[in-house]
Amino acid sequence: ERLGRKVTLLNDVVGAEVEAACADPAPGSVILLENSRYYIEEEGKAKDADGNKIKADPAKVTEFRASIAKLADVYCSDAFGTAHRAHSSMVGEGFPVKCSGFLM
């Protein structure tokens, strides 16, 4: 409502369906992705069902980051509170152009 336009909500953050939806959006489109924190590849670590610490497969992290990089032409981080984290959605890996926002 506040944007005064339709917001397209996607049920995922990576993958072919998300990449297709973000490939050629109409000018002024707003696309909201699911939370990337649901993926072990976002933080690189997690806990399994028994509470044991597990690490993400480095190859899957690379795939995850490559899929994120296909969604936009520019990576702009304005998340000051999390800028110190090496999470997949925070590092901007694979983007030819990176910048920081006003909070940074």
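**The ring pair and its surroundings**

Author: The count comes to one aromatic pair. To pair, rings of Phe, Tyr and Trp (its six-membered ring) need centres within 6.5 Å; planes under 30 degrees apart count as stacked, over 60 as edge-to-face and the rest as tilted. Here the partners are Tyr 39 and Phe 64, with ring centres 5.1 Å apart and planes at 45°, so the pair is tilted. The pair links distant parts of the chain, 25 residues apart: Tyr 39 sits in the loop between strand 2 and helix 2, and Phe 64 in helix 3. Helices (H or I, at least four residues) and strands (E, at least two) are DSSP runs, numbered from the N terminus.

The model is predicted, so local features need pLDDT of at least 70 and side-chain atom pairs pLDDT 80 or more, while totals for chains, interfaces and linings use all residues. Residues are numbered from 1 along each chain as its sequence is written, and side-chain values use heavy atoms, with hydrogens and water left out.

Tyr 39 counts as partly exposed, at 26% relative accessibility. Phe 64 is buried, with a relative accessible area of 4%. Buried means under 20% relative accessible area, exposed over 50%, and partly exposed in between (1.4 Å probe, protein chains only).

Now look at Ser 36. Ser 36 also lies in the loop between strand 2 (30-32) and helix 2. Ser 36 is buried, at 11% relative accessible area. Phe 64 is among the residues that Ser 36 touches; the others are Val 13, Glu 42 and Ser 89, leaving out residues up to four places away in sequence. Touching is contact: heavy atoms within 4.5 Å.

Phe 64 leads on to the core. The largest nonpolar core has eight residues: Val 13, Val 14, Phe 64, Ile 68, Ala 69, Tyr 75, Met 90 and Phe 95. Helix 3 (residues 58-69) gives the most to this core, with three residues. Such a core is a set of buried Ala, Val, Leu, Ile, Met, Phe, Trp, Tyr and Cys residues joined through side-chain atoms within 4.5 Å. Take Phe 95. Among its contacts are Ile 68, Ala 69 and Tyr 75, with residues up to four places away in sequence not counted.

On a 1 Å grid over the protein atoms alone, a cavity is a set of points where a 1.4 Å probe fits but cannot get out; a pocket is an open set with protein on both sides within 12 Å along at least five of seven lines, and lining residues have an atom within 4 Å of a point. Points are joined across faces, edges and corners, and a volume is the space filled by probe spheres set on them.

The largest pocket holds about 310 Å³. Its lining has 15 residues, and Ile 68, Tyr 75, Cys 76, Ser 89 and Met 90 lie nearest its centre. Strand 5 gives the most to that lining, with four residues.

There is one cavity of 30 Å³ or more. The largest cavity has about 40 Å³ of space. Its lining is Arg 65, Ile 68, Tyr 75, Ser 88, Ser 89, Gly 92, Glu 93 and Phe 95. Helix 3 and helix 4 are the elements that give two or more residues to this lining.
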